[in-house]
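Here are my notes on the model. Please read them with the structure open.

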Amino acid sequence: MAAWSVIGTVLIPWPTPVYATGTTVVPYSLNKQDTPFTRDELREIFFGRQTLWRDGSPLRVFVLPDQHPLHVRFSKEVLGVYPYQLRSAWDRMIYSGTGTPPATVDSLKQMETLIKETPGAIGYIEK
Amino acid sequence: MYIQSSALRCREALIGVFIVLFAYPQYTTALDLGIDDWQAHGFVSQGYTLTSDYNFFGNSRGDGSLDFTEIGVNLSGHIQPNLLLAAQGLYRNTGGSDREGFRLDFANLDYHLSVGDRATAGIRLGRVKNPFGLYNEARDVVWTRPAVLLPQSVYFDSLALRQAMISSDGGILYGRYGVGDHALTTEFLIAEPQDNTGGAAEFLAGIPGKLEGRPMFIGRMGYEWQEGRFRLMFSAVDLDRDFKSSTPDVSSGNTKTFYPLASAQLNLEAWSFTGEYGRITTKRQGFTPGGAILENTSESFYVQAQYRFKSNWSALLRFENFTADVNDRGGRRNAEITGLPKHNFYTRDVTVGLRWEFQRNWLMATEYHTVWGTALLSPVDNPDLMQRNGPERWDLLTMMVSYRF
């Protein structure tokens with residue numbers, strides 16, 4: 001249990017093909033898990049259905065604005081969905097009282113800062 | 001007089017709010033309350049409607065109507081990692097079809113837990129949104145609609161029935177089972193409907209009175225592939241209420257309503273295709289003339305295509321159809337019995353629309369409807385509907401601007 005939440009600046013290993021831009025988008029969190037995330041788990045987390053880590057501690061999700069190129073890439077390349085599918089699920093949660101969607105940050109820099117400052121945070125970065 | 005002047009004041013205040021919001025675009029993200037994941041969100045939407053021969057959402061003939069305002073603020077956050085508290089206050093004005101003003105839209109506690117790796121089960125208690133069809137839960141927020149209005153043949157906004165469809169007081173049990181790209185979802189609601197609000201009781205019974213008795217049941221089951229890239233859903237509302245007449249010499253009785261609805265949606269990168277088909281069967285007895293059991297079945301459906309031709313623009317094309325009595329599709333028999341025009345018993349509508357998110361958190365949408373028939377018009381906004389012999393075909397143009405945070 002405790003081994004899962006070892007704190008350290010560790011990138012979660014994620015096998016992603018290299019795209020024309022020469023960079024990859026990867027999930028980013030300081031919460032270390034014993035196994036890498038699967039696409040199914042990441043969908044649970046980013047669609048807002050999973051609200052706690054495997055050890056029971058609260059999970060906080062950060063994303064860039066809907067039209068941000070990196071958000072578009074993360075949606076398509078990592079989650080395998082169109083960004084509007086995420087937006088429509090989040091809006092349904094917000095306006096029907098059935099969940100809290102990820103918090104939107106304005107820039108990658110802010111994303112990294114917030115993830116380092118917020119316990120249990122997860123987002124994504126460009127590598 | 002008073003209502004008019006307060007509506008005017010509200011409109012002026014709203015224009016002020018829009019100007020302030022537009023001038024200070026830095027306030028364009030959700031209000032992060034700084035305590036764990038607590039968030040506040042809100043929206044301010046103002047519409048304008050212009051019609052040719054009948055009124056829709058206020059006095060919309062002539063110069064058009066601004067009686068189309070939707071304002072909401074909500075708060076949500078986790079008390080425990082899997083215990084959610086959420087509530088939303090809503091102000092809504094759509095002319096004669098919604099005069100409730102401010103209301104508590106939902107206020108619920110939601111607890112969920114994982115069952116193994118693949119399944120989730122949960123319970124939601126309080127004033128909950130009714131799980132019905134593809135759009136019902138968030139339908140008063142234009143951001144969740146394809147353009148301005150939802151298809152009126154399935155989501156009645158101008159009839160008094162709408163108040164009972166929105167939210168109710170009770171509980172929902174829900175579950176989700178997912179394997180890879182496939183997921184099955186299910187929801188079951190037992191709750192006291194808000195059918196004594198907004199004229200719903202009179203609408204269901206046909207005469208003034210109160211509804212009470214057995215709570216409402218709603219069930220919804222769905223299958224989705226790849227988070228909704230393809231989605232199939234089946235919902236049903238079962239309402240069985242005792243009617244207490246408030247008219248002297250008219251006895252009390254019972255009214256039953258059953259509304260099954262099948263839904264399908266395909267979401268491609270640029271295109272979305274949606275269709276929903278439902279039938280409402282109502283059975284009234286005890287308070288009807290001669291003690292007869294009055295039974296009627298209506299039919300609702302629409303098919304719709306959305307095309308996202310730029311990242312912040314989309315177009316809409318929709319055909320919808322409502323038949324008030326499936327045994328009298330053209331309305332001839334009902335027209336003979338009631339003396340009303342045949343087109344009072346159906347509505348066919350072809351809609352084209354555009355939606356533009358012109359700045360982050362700002363949206364503008366417009367729709368043009370060519371309508372045949374008057375079955376879905378509000379009798380409050382059209383007091384002469386039952387007397388005059390208006391045309392079968394009429395036009396509706398509507399626009400909406402919305403800001404949200």
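1. Start with the core. This is a predicted model. Its largest nonpolar core has 88 residues. Those with the most contacts inside this core are A:Phe46, A:Val61, A:Phe62, B:Val148 and B:Ala365. Helix 3 of chain A supplies the largest share of the core, with six residues. As a general point, nonpolar side chains in soluble globular proteins tend to be buried together.

2. Look next at A:Phe62. Setting aside its neighbours within four places in sequence, A:Phe62 is in contact with A:Pro102, A:Ala103, A:Val105 and A:Met111, among others. The list also includes A:Leu114, A:Ile115, A:Ala121 and A:Gly123.

3. On the make-up of chain A: there are four helices and four strands. Along the sequence they follow the pattern β-α-β-α-α-β-α-β. Chain A has 127 residues, and 40% of them are buried. Among contacts in chain A with a separation of 6 or more, 60% join residues 24 or more positions apart.

4. Helix 1 of chain A deserves a check. Which of its residues are buried? They are A:Leu42, A:Arg43, A:Ile45 and A:Phe46. Viewed down the axis of helix 1 of chain A, the buried residues fall within an arc of 165 degrees, so they line one face of the helix. A:Phe46 is also one of the core residues named in point 1.

5. What covers that buried set? The cover for the buried residues of helix 1 of chain A includes strand 1 (25–29), strand 2 (60–63) and strand 4 (121–126) of chain A. Helix 2 (69–79) and helix 3 of chain A are also included. After helix 1 of chain A comes A:Gly48, with a positive phi near 85 degrees.

6. Now the interface. The contact takes 26 residues from chain A and 35 residues from chain B. On the chain A side, the elements giving two or more residues are helix 1 (39–46), helix 3 (83–96) and strand 3 (103–104). Helix 3 of chain A gives the most, with six residues. By class, this side of chain A has nine nonpolar, 11 polar and six charged residues.

7. Finally, strand pairing in chain B. Strand 18 (residues 393–404) of chain B pairs with strand 2 (residues 39–51) of chain B in the antiparallel sense, over nine bridges. B:Val44 has B:Tyr403 in strand 18 of chain B as its bridge partner. Strand 17 (residues 362–372) of chain B also pairs with strand 18 of chain B in the antiparallel sense, over 11 bridges. B:Thr370 stands opposite B:Asp395 in strand 18 of chain B.

Terms used. Residues numbered from 1 in each chain as written. Chains lettered and ligands numbered in written order. Predicted model: local features only at pLDDT ≥ 70, side-chain atom pairs only at ≥ 80, totals over all residues. Contact = placed C-beta atoms within 7 Å. Nonpolar A, V, L, I, M, F, W, Y, C, P; charged D, E, K, R; others polar. Core = buried A, V, L, I, M, F, W, Y, C linked by C-beta atoms within 7 Å. Buried ≥ 20, exposed ≤ 12 C-beta atoms within 10 Å, placed from the backbone. Arc of directions from axis to C-beta. Pairing = 2+ DSSP bridges.
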